[in-house]
Amino acid sequence: MSDQPSAPSRGVKAGVAVLCLLVLAYSVVVAGQILLGVLFCALVYGLFLAYYLLGAFVRLVDSVERIADA
């Protein structure tokens, strides 16, 4: 079986959520541009989705390889 990416822990998810909230608060209060914070949070969320999609693709390839070996 190939190396499958593991799911991020709850601590990592919480840390990223807090970072997004801090960047969003900074962009609203200090910079006065809410779009800056929204874009950052969307980028982070998109990276998480890409990571999970990669993991799903790896599991799919492993499944197809097992079927082919059988």
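Guide: A residue counts as buried when its relative accessible area is under 20%, as exposed when that area is over 50%, and as partly exposed in between. The model discussed here is a predicted one.

Visitor: Which residues of H2 are buried?

Guide: Helix H2 covers residues 34-69. Its buried residues pack against H1. These buried residues of H2 are Gly37, Val44, Gly55, Val58 and Asp62.

Visitor: How far from its first C-alpha to its last does H2 reach?

Guide: H2 has 36 residues. At 1.5 Å a residue, a span of 52 Å is expected.

Visitor: How far apart are the end C-alpha atoms of H1?

Guide: Helix H1 covers residues 10-31. With 22 residues at 1.5 Å a residue, H1 should span 32 Å. The separation of its end C-alpha atoms agrees with this, being 30 Å.

Visitor: Which residue with a positive phi follows H1?

Guide: The phi of this residue is near 75 degrees. The residue that follows H1 with this positive phi is glycine 32.

Visitor: Which helices each supply at least two residues of the nonpolar patch?

Guide: The nonpolar surface patch has an area of about 820 Å². It is made by Tyr26, Val28, Val29, Val30, Ile34, Leu35, Val38 and Leu39. The helices that each supply at least two of its residues are H1 and H2.

Visitor: Is leucine 35 buried or exposed?

Guide: Leucine 35 has its place in helix H2 and belongs to the nonpolar patch. Its relative accessibility is 56%. Exposed residues are those over 50%, so leucine 35 counts as exposed.

Visitor: What distance separates the C-alpha atoms of valine 30 and aspartate 69?

Guide: Valine 30 lies in helix H1 and is exposed, with a relative accessible area of 57%. Aspartate 69 comes 39 residues apart from valine 30 along the chain. The distance between their C-alpha atoms is 59 Å.

Visitor: Is the aromatic pair of tyrosine 51 and tyrosine 52 stacked or edge-to-face?

Guide: The structure holds one aromatic pair, formed by tyrosine 51 and tyrosine 52 at 6.3 Å centre to centre. Both residues are partly exposed, tyrosine 51 at 32% and tyrosine 52 at 35%. The angle between the ring planes is 65 degrees. Planes over 60 degrees apart meet the cut-off, so the pair is edge-to-face.

How values were computed
Residues are numbered from 1 along each chain as its sequence is written. This is a predicted model: local features need pLDDT of at least 70, side-chain atom pairs count only at pLDDT 80 or more; totals for chains, interfaces and linings use all residues. Side-chain values use heavy atoms; hydrogens and water are left out. Rings of Phe, Tyr and Trp (its six-membered ring) pair if their centres lie within 6.5 Å; planes under 30 degrees apart count as stacked, over 60 as edge-to-face and the rest as tilted. Buried means under 20% relative accessible area, exposed over 50%, partly exposed in between (1.4 Å probe, protein chains only). Patches are made of residues with over 30% relative accessible area and no salt bridge: like charges are joined within 9 Å, nonpolar side chains (Val, Leu, Ile, Met, Phe, Trp, Tyr) within 5 Å. Accessible areas come from the Shrake-Rupley method with a 1.4 Å probe; for residues, only the protein chains shown count as cover. A salt bridge is a side-chain nitrogen of Lys or Arg within 4 Å of a carboxyl oxygen of Asp or Glu. Helices (H or I, at least four residues) and strands (E, at least two) are DSSP runs, numbered from the N terminus. The expected span of a helix is 1.5 Å times one less than its number of residues. Contact means heavy atoms within 4.5 Å.
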